[in-house]
Amino acid sequence: MRSHSVIDLNADLGEGVGDDAAMMPLISSANIACGFHAGTPTVLREACAAAVASDVRIGAQVSYPDVAGFGRRFMDVAPDDLLADVLYQVGALRTLAESVGGAVEYVKPHGALYNTVVSHEQQARAVVDAVAHTGLPLMCLPGSTVARIAIAADIPVITEAFADRGYTSRGTLVPRTEPGALLHDSATIADRVVTLARSGHIVAVDGTRLDVHATSVCLHGDTPGALAHARAVRDALADAGIDVRAR
């Protein structure tokens, strides 16, 4: 993969955890919750206002209706229900963003829904059908089922990698219940992002070298040490001459 001189950094915000105000200046895209897994209307509106103030791109982070499980539990949702759920969430966040002078510019699934549409054909199609109605790009894992369906439907895809999550040898994320799911060392995380931007490679938990075609990198806002990780990543990218901005 050709080296990037520009990379987009995104983070999950508006969830009522972590420090959104401190994270916002360190990123270029904010995946703002839509209330189905986290976030009240007031929290979401405040997150949108903070994004506008920091000139950060706003994305709608859509989820299963699972506040109790923080959207991290699989739900066997019927395709029509999932399509409506996604449309409902994007519509709500769009109105909140517009009320503070912003706009939703992409859609990203959250948590279990994100992982499910990597391989689940029916739910992936439901998500793509919903995103098609919004007219927005979709942020997702490269090589996933949902990416393939979106590309076939002529929906712009923002390919994403993860700074602080472990990868399997198949290029999927290590489940959070398994060892190696999260990276904890800021220097290691920063080095991974610089390596990804320069070479397009990530090393899986078993040592496999993966080719990852991604233009955006996620820093989880609720990960312990998230703010330190983000600062380390920004400093490392600056030292490497790599700009951070939405692409």
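## Strand β1

Strand β1 (residues 6-13) is mostly covered, with 8 of its 8 residues buried. Buried means under 20% relative accessible area, exposed over 50%, and partly exposed in between (1.4 Å probe, protein chains only). Strands (E, at least two residues) and helices (H or I, at least four) are DSSP runs, numbered from the N terminus.

This is a predicted model, in which local features need pLDDT of at least 70 and side-chain atom pairs count only at pLDDT 80 or more, while totals for chains, interfaces and linings use all residues. Residues are numbered from 1 along each chain as its sequence is written, and side-chain values use heavy atoms, leaving out hydrogens and water.

In a regular strand the side chains alternate between the two faces of the sheet. In β1, V6, D8, N10 and D12 point one way and I7, L9, A11 and L13 the other; all are buried.

## Partners of β1

Two strands pair if DSSP finds at least two bridges between them. β1 runs parallel to β10 (residues 243-244), joined by 2 bridges, and I7 has V244 as its bridge partner there. With β9 (residues 216-218), β1 forms 3 bridges, again parallel; L9 stands opposite V217. The parallel pairing with β2 (residues 29-33) has 4 bridges, and L13 is partnered by I32.

## Helix α7

Helix α7 (residues 186-199) has 14 residues and reaches 20 Å from its first C-alpha to its last, close to the 20 Å expected at 1.5 Å a residue. That expected span is 1.5 Å times one less than the number of residues.

Its buried residues include I189, V193 and L196. The buried residues of α7 pack against β1, β6 (157-162), β7 (201-203), β9 and α8 (226-239), where contact means heavy atoms within 4.5 Å. Just after α7, G200 takes a positive phi of about 75°.
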